[in-house]
Protein chains: 2
Amino acid sequence: MEVKEARQYVVDKLEYAFKPNSIAVIGASRNETKVGFKVIQGLRKCGYEGELYPINVKATEVAGIPAYQNIKDVPGDVDLAFVSLPATGVFDALKDCVEKNVKIAVVSSSGFKEVGNGDLQNEITKFCREHELPLIGPNLVGIGTPYHDFNCGFIPYLPNKGPVALISQSGSNLLAALGSSQIDHFGISMFVGLGNKADVDFCEMIKYADKEPNTKCIAVYIEALDSPEAFKKACLECEKPITAIKVGSSEIGVKAAFAHTASENQGHSNAEYDKLFEESGVLREKTWQEFLDTSLALGNCPPLRGDNVVIITNGGGAGLLAADHFERLGMPLKELKDISPDLRENIRNYMPAFGSPLNPVDISGTATSDMYGGALKTAYRDEHVDGILISVCPTAVTDVEAITETVINIHRQYKNLGKPFIMECQGGNECREAIMKLRDKGIPAYSTPEQAVNAMVALRRYSHIMNKKEKLIKNI
Amino acid sequence: MEVKEARQYVVDKLEYAFKPNSIAVIGASRNETKVGFKVIQGLRKCGYEGELYPINVKATEVAGIPAYQNIKDVPGDVDLAFVSLPATGVFDALKDCVEKNVKIAVVSSSGFKEVGNGDLQNEITKFCREHELPLIGPNLVGIGTPYHDFNCGFIPYLPNKGPVALISQSGSNLLAALGSSQIDHFGISMFVGLGNKADVDFCEMIKYADKEPNTKCIAVYIEALDSPEAFKKACLECEKPITAIKVGSSEIGVKAAFAHTASENQGHSNAEYDKLFEESGVLREKTWQEFLDTSLALGNCPPLRGDNVVIITNGGGAGLLAADHFERLGMPLKELKDISPDLRENIRNYMPAFGSPLNPVDISGTATSDMYGGALKTAYRDEHVDGILISVCPTAVTDVEAITETVINIHRQYKNLGKPFIMECQGGNECREAIMKLRDKGIPAYSTPEQAVNAMVALRRYSHIMNKKEKLIKNI
């Protein structure tokens, strides 16, 4: 439901949604297939060590933990109430939460606005707002953070630790991203599936993530915005980069988004959203892969302060794919001689005579880790170079592991210069392992040239956003 | 160098490039870092069992194999001569090959047109053409096929077996694809890095691949075409789908492509290539990922004969990303009721009441393998459905493995109906394993909705190409 702007009490209480000392599960179940069981199992398995109170009208214990008939019977304070009752029982449970002075409610139950029960949902929202009990959901899949071993919902695993806060309206896409996080080392700081967002809205989550110390980039998956103005204000006031993907824009998607999370897109065109994101200083991405890829870059790199990007590669083909894609995205590469007077000659020291000191700099298929290292240092040290993209392809003489170690060390030495450094490495297992190692060290690394270019261009787009943000804020 | 059209003697002799009974390595080396050693090592390691003759002016044996001073000293016939000498020695070696009546020459040496030695390269080409000795390369990384355990060049591994013939001008991109083949189960039938393509041209490789029995789709990476008309004719006469990626179109890419493989793009605009590909009945892809993804689909699936695609998903978000992307690509989804009169009610039997029988069909986060199976069969059996895309997201109750087994079985039963079936599965390890298993069974499977949609749309584009091919042929 609409909010005029991010409410401070909500933002403050979100601390209890990500770091609760005590949790009551209303609708706790002994049936292992039910959410009321899975949530307790997930909390335990992932390492939650706070108080846990199953609430069940019949059972005296659930999953080996003493249960209570009503949340009001719980002896201690309750920070977070997780509600997994049938839709019809949710309102009464929330009334009990208010009486118990619960700090925040998280509701996984579906069967509200998305199936036509909009009135019930609205009643609940009004009640929660009157009593300043923030409600996340309903129709929510989970919430958590790997930094506090906290996984609250029915998500099978915690993601890898990292800089990206993932705020998703869709549960399935949140799950997909958390899975990718594990296998692709896409690091996440905190995550939430907002579901129907009956009460707590994107704007409040963004405000919270802005202050959350592990978060360096905020990634938002949107099916519809109830409160575009509040969203815009929160984004403009946010000091961290924000990427967004907005679905439900196609003709059939409008209907599907309503059926999914009761999202209302009728009459809101894709172009309107484009405008909104632009005015909000948000980087909109089209595909899910681009959304993840640019979030990774923004979470790990400084903004790209100019257009002078140098590509260093041992594969002419990969360099060409990258060069074409830079031009396709409106940021054509410049030749080394047009970037800096001495760069061409300096970088020549690190390639055989048959290499090509153009840009992409093709240090040839015979390139060693020393050549890569020398070329990388040269680019870092040149004051006219704004960003560096290194591409490695596994020829029979390429030592991918040694190159990876070398660039990690050089990155560590030079990263305080504030120049984005991105890697691309496509091939077999040796390349996959290199990507994982690089990502673990805070270097965005990708398996195709175009992904790396998208990421670099996103850093430039963010730099432009930072420059015009002051002006945008005045327009609110 | 230009050819007027594909030469029959070249196409015929290409059989010896992929299935030679005997190979001479001119420039065989005892130095393990040299191509002249690597090629012998690679042939042996991957299982080549034909005759192998190292040619080395000084050594009497290389890698434990008796060596000869000159190819003319080899006692038996030589099908293929692999030349890895310095550029200056190549011409003499080819003269020897002609005397020895070698069937085909493969030249890895660089130092020709790409570094300014165009005259030498042209002389060699003329000589080879006069003597009908086809020359692949120079500046080539390798050639081979996993179906004959044949890996000839300096490529570290053979790819997985599968339906895609990969004809790449770039060595590095070929290497990247072969690496991806291993870790992503992207199946390849035959591969070659054409390098400078001084003699053997794309058109001849395409003609050969068209007849090669394991190939179902031909994927071509191009930096520049010397013989566009010959290319067009070969493509139009080809009975298999062809995908192409063309680089070197950006301003800086024109220079980089010349430095890389002596490719001449000056004065050939990107739009001209668009037109050429369209007139040739070739599917042009923009990014490397799209190139691989659509090749996989075209290699495994029949063309999509109509626009009636049904999406079945357990994740509303994934469905929305797919629906939006279909519309973005100009092929919007239709609602079930607009596809077939009974489809909506029939498919309802396989979802809970709170699922959504729109399109995407959201069979809900609780979907079992039986529900997936029932919905898939229903879509297969409906005569109005042209293609099916199934998306699986790993909720806490999703049995990804069981769903995978179910759809593989149903696909086996129904694939003779000629309807494309594509899977999308994004998440952690269980999803990655599912994708590999599906790919091994000939079902294109991807990790993001947009990739799956790109693949499905490519099958529709190919269907349109087939319909207009007759008309295009008349225009040659």
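Guide: Begin with a loop: His185(A) sits in the one between helix H5 (171-184) and strand S11 (188-193) of chain A. Helices (H or I, at least four residues) and strands (E, at least two) are DSSP runs, numbered from the N terminus. Phi of His185(A) is near 55 degrees, a positive value in a residue other than glycine.

Visitor: What should I know about the source and the numbering?

Guide: This is a predicted model, in which local features need pLDDT of at least 70 and side-chain atom pairs count only at pLDDT 80 or more, while totals for chains, interfaces and linings use all residues. Residues are numbered from 1 along each chain as its sequence is written, chains are lettered from A and ligands numbered from 1 in the order in which they are written, and side-chain values use heavy atoms, with hydrogens and water left out.

Visitor: How are chain B and chain A related?

Guide: Two copies of a chain are related by a rotation about an axis and a shift along it.

Visitor: How many residues does each chain bring to the contact?

Guide: Contact means heavy atoms within 4.5 Å. Chain B brings 68 residues and chain A brings 68 residues. The copies meet through the same surface, because 100% of the interface residues of chain B are also interface residues in chain A.

Visitor: What is the area buried between chain B and chain A?

Guide: Buried area is the accessible area (1.4 Å probe) that two parts lose on being put together, summed over both. For chain B and chain A the figure is about 5100 Å², and carbon and sulfur atoms give 63% of that area. Ile252(B), Leu320(B) and Gln426(B) supply 13% of what chain B buries against chain A, more than any other three residues.

Visitor: How many salt bridges are there between chain B and chain A?

Guide: A salt bridge is a side-chain nitrogen of Lys or Arg within 4 Å of a carboxyl oxygen of Asp or Glu. The count between the two chains is two. In a salt bridge, the side chains of Lys255(B) and Glu335(A) meet at 2.4 Å, N to O.

Visitor: Which helix gives the most to the side of chain B that touches chain A?

Guide: H11(B) does, with 10 residues. By class, that side of chain B has 28 nonpolar, 25 polar and 15 charged residues. Ala, Val, Leu, Ile, Met, Phe, Trp, Tyr, Cys and Pro count as nonpolar, Asp, Glu, Lys and Arg as charged, and the others, Gly among them, as polar.

Visitor: Where are cis peptide bonds found in chain B?

Guide: One joins Gly137(B) and Pro138(B), with omega about -5 degrees. Pro138(B) lies in the loop between strand S7 (135-136) and strand S8 (142-145) of chain B. A cis peptide bond also joins Asn359(B) and Pro360(B), where omega is about 10 degrees.

Visitor: What does the salt bridge of Lys233(B) and Glu5(B) tie together?

Guide: Their side chains meet at 3.0 Å, N to O. Lys233(B) lies in helix H7 of chain B and Glu5(B) in the segment before helix H1 (8-18) of chain B, so the pair ties together parts that are 228 residues apart in sequence.
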